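Work through the exercises below with the sequence and the model open. Each task is followed by its solution in steps.

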Amino acid sequence: MPKSNTRITFSTSTTFSTFGYTLIEILVGLTIIGIIFGVGFASFREFSRRQSLAGGVKTLVGDLRLAQEQAISGKKPEDVKCTSGLLDGYNFRVVPPRTYQIEADCTQGIVVVKTVTVSDDMTLSAPAINPILFKALGQGTNIPEGQEVVVNITQAGTNAVAPVTISAGGEIR
């Protein structure tokens, strides 16, 4: 039998047009977005906790300065215990674990001026001298000369501690 010269040709001129993304491309994109979101969320939580602690410290320092300024000015609260007597100064009293008070210390008794409770995730440590007395008319504090007292704010969960220091001369830092 003779050989035939028949040729079979396949056409490769068919063009495919693709629109959109494949399932793999979509899954890779979603995975990358998920990783970025996860890292961002963790960073935001840490930032939020640091800001919460910093805010608590600023409030505490502000209230210490309020007590100090009221004592320096000699301003008495409108109360029977203070209007008829003399003002000895203003106390800053820590009531552990989460509360502190500013009190006017008058010869007729003590008047609570302000009570503050810190947020649930923070605790206060009572200083070695509690209450701290800012004496009237700029006469200093009840802290012995050359010593300092520290009020620590501790944040639960992170155990971060922020100290606030008060010196014998009344410097708050």
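**Exercise 1: placing Ile 110**

Ile 110 lies in strand S3, residues 109-117; strands are DSSP runs of E with at least two residues, and helices are runs of H or I with at least four, both numbered from the N terminus. This is a predicted model, in which local features need pLDDT of at least 70, side-chain atom pairs count only at pLDDT 80 or more, and totals for chains, interfaces and linings use all residues. Residues are numbered from 1 along each chain as its sequence is written, and side-chain values use heavy atoms, with hydrogens and water left out.

Task: state how exposed Ile 110 is, and list what Ile 110 touches.

Step 1. The relative accessible area of Ile 110 is 37%. Buried means under 20%, exposed over 50%, and partly exposed in between, with a 1.4 Å probe and protein chains only. Ile 110 is therefore partly exposed.

Step 2. A contact means heavy atoms within 4.5 Å. Leaving aside residues up to four places away in sequence, Ile 110 touches Lys 81, Asn 91, Arg 93, Glu 103, Ala 104 and Asp 105.

**Exercise 2: the partner strand**

Task: describe how S2 and S3 are joined and paired.

Step 1. A hairpin of two residues links S2 to S3.

Step 2. Strands pair if DSSP finds at least two bridges between them. S2, residues 99-106, pairs with S3 in the antiparallel sense over eight bridges.
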